[in-house]
Amino acid sequence: MKKKTAAQSCLQNSALFSKWGLYRKGMDSEAIQLSFANHLEYSLSKDKYTATVRDLWHSLALAARDRMVERWIRTQQLCYKRDVKRVYYLSAEYLMGRALINNLISLGMYDETKHAMQELNLDLDELAEQELDAGLGNGGLGRLAACFMDSLAALQIPAYGYGIRYEFGIFDQVIRNLQQVELPDEWLKFGNPWEIERPERACIVRFYGRIEEHKMPDGRLVTKWLDTRDVVGVPHDTPIDGYGNETVNSLRLWAARASNEFDLGYFQEGDYLKAVEEKNISENISKVLYPSDHILEGQELRLQQQYFFVSCSIQDIVRRYLVKQDNFDAFPDKVAIQMNDTHPALAVPELMRILLDDYELSWEKAWDITSKTCAYTNHTLLSEAMEKWSVSLLGNLLPRHLMIIYEINRRFLRDVSVHYLGDTEKLARMSIIEETDEQKVRMANLAIVGSHSVNGVAALHTKLLREREFRDFDEMFPGKFNNKTNGITPRRWLLAANPDLARLISSKIGKDWAKDLNQIRKIEDFACDAAFQNKWMAIKRQNKERLANVTKELTGIIVDPDSIYDVHVKRIHEYKRQLLNILHIIVLWLEHKHNLNCEAPARTFFFGGKAAPGYYAAKKVIQLVCHVGELLNQDPDTSDKLKVVFLPNYRVTLAEQIIPATDVSEQISTAGFEASGTSNMKFALNGAITVGTLDGANVEMKEEIGEENIFIFGLTTEQVNERRANYNPYNYYARNPELKEAIDMIRGGFFSPEQPDLFASLIAPLLSHDPYFVLADFEGYRRCQADVGHLYSDQAAWTEKAIYNVARVGMFSSDRTIFEYNRDIWRATPQMVRRERRS
């Protein structure tokens, strides 16, 4: 008879929990089992008869959190004791994904936990599948913030992440009738075992109201913000564990609550809706990520969200600073605020408001502190993504902040006018207030003026910011603009997502690459080693089989793991050119139809990504991909050679299944439109070969990985700009018969016979002005894809290049990015948290 484990015994005999104090921090199998069993019984009130699989996951998560909490407390105690400078990362998005496996790896207890669960006849991977993604982001911006939090802890930099605890994250996507349908993302419906609510640190956030100014006897002007509508921000803290060290930083997310949740008077009168009206209105602020801004109410709610989390965060930062300080002289030496894009740009006037109104500093002193403390990261080259808020909206919602913004702008324009005498056009371009029919506040200009550092996120992106979008500011503030090329954490994107490949790499070069990704270059020595290549290819084949199973489960489509897995997964946007990809697929299908004996390798084209609910053209692209796939996948002549799959509900967890299985990574945005991109880095780290344009970080990837190990095509940024004025896409359509046939099939309703004009809205602009140069780049893309097919036919040569991609991706670690931010912008001193002595 099999001997009972400690945890099994504990489930049946609670007296053994007297040993609980000894095992709460233990890292061995028995301690993990005891902790797991204790939480199941005492935290969840479940036993072996009533516990669900989700309960088991929840208990294990709590057991892992126990081992983080003590480190978490020691980290905070050390930071307070030494009064260190802290980094505060303000971001409207955090696309965290699942946490269990990542935390177990960071804690150094993954293998022991897996063994502990096996002794209980439980599968760790099955338990991990119960966790819902924390999808508090829309794409790269939020995932970057998550990688940065990981790297801040890994580098032992004292830091807080600040954001919003959205009740509903990015929507769940389903495909119905071959088109996207959005469902609410109820990521909190089963609770969140990782977070700890801190109601004692709640903050009051004010909206609306009126302004009164009084002149004091000493001549000072005192400003009061009165008759406001107040909302309470309640913080929820999540520990962020540093890989291979004892540091645990905090991600603090704010949830909105009413200052007066229940009006008993209305209730007693029978007006039950009115009794809870304030509660419902207030809690809308943290209800959903990015409410639609097509209507005024949606715009106001978005602005409320931005100010809500900024105000809570700045108040919290000031409170923490004043624990050790009695004036603000040292504030920039103790506080570094990094604004992740323009969503937190109100941090500038909010910090000014607190210093001016609450602590009565002079304008000059408050501005000196604010501008030395704040820094701004720009993430976009798209003019429509440069946030602007109407003056009327902002003035109604935040009247005091509009006053401060006006004064910032008045003083700034005075300096500009002195610097550039008589240049009224430059004054108009640089003004924080856009003087159009409807006055607007330019949030990027506000962030630039109020920051001591402004950075782009790839070398090309930063160059374009300095030479194009913000040239005037770069001229006036030499040295303020700098580049910090984005990166990804190798812990999640290789160690956790692709464990078999990680083990193979570690077997040859050791495990230190997970903390210093530059060391992964050592595997170049094995790129031509036949035995190593065979192991590499076997792992890739296993990963492809797993994705084939996931694909069948999600879509019912059966795909061939021996085919080329060509993957285009990212947010759906016209500039990312999923349309270019699908046009090529149709042309490739026609080639197969005309030559059924074609010997080219079989291909499976995977698409994935979400279109914003109000982005009509992007949703049409998804619909087109699904229609083309439905027809091609059922073609008896070609279905063994060509498949098209749209994987629904793309998110971090699905990415972790897709990326390790990918052969070809599609990074084909129009040159000059992508700020950086990080999926390109994740794919390369897992041995996929990039097909891409010279856009964003692709430029630096080509330099690092080698031109011979990446497939580059298309117009450069300079060529796009030169040709735009005289570009006639119809000429490309008319002189390329294969392209013309593909477009005509879409336009004529071949893929949508029940509604022939279904995709007319996609084709018409393509032929008339084609703003993203799809047709101009088509032939280059087609030749590039032909080269892919030829190379894939030689598996040894393909695998050699795949190994070089992994070996040379070391620069693109988020550890390197964060090191550079800290070296050049924040200047916080890393703190080594000592390991607790155990008797």
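**Exercise 1. Which residues of α17 are buried?**

Start with the source. This is a predicted model, where local features need pLDDT of at least 70, side-chain atom pairs count only at pLDDT 80 or more, and totals for chains, interfaces and linings use all residues. Residues are numbered from 1 along each chain as its sequence is written, and side-chain values use heavy atoms, with hydrogens and water left out.

Step 1. Helices (H or I, at least four residues) and strands (E, at least two) are DSSP runs, numbered from the N terminus.

Step 2. Apply the cut-off: buried means under 20% relative accessible area (1.4 Å probe, protein chains only).

Step 3. Pro399, Arg400, His401, Leu402, Ile404, Ile405, Ile408, Asn409, Phe412 and Val416 are buried in α17.

**Exercise 2. Check the span of helix α17 (residues 399-419)**.

Step 1. The expected span is 1.5 Å times one less than the number of residues.

Step 2. For 21 residues, that should be 30 Å; the end C-alpha atoms are 30 Å apart, which agrees.

**Exercise 3. Describe how α24 and α35 pack**.

Step 1. Axes are lines fitted to C-alpha atoms over the stretch in contact, and angles run from 0 to 180 degrees between N-to-C directions.

Step 2. The angle between α24 (residues 530-555) and α35 (residues 795-807) is about 85°, and their axes are 10 Å apart.

Step 3. Angles of 65 to 115 degrees count as roughly perpendicular. The two helices, α24 and α35, are therefore roughly perpendicular to each other.

Step 4. Contact means heavy atoms within 4.5 Å. Among the residues making the contact are Trp536 of α24 and Ile803 of α35.

Key: Buried means under 20% relative accessible area, exposed over 50%, partly exposed in between (1.4 Å probe, protein chains only). Angles under 35 degrees count as roughly parallel, over 145 as roughly antiparallel, 65 to 115 as roughly perpendicular and the rest as oblique.
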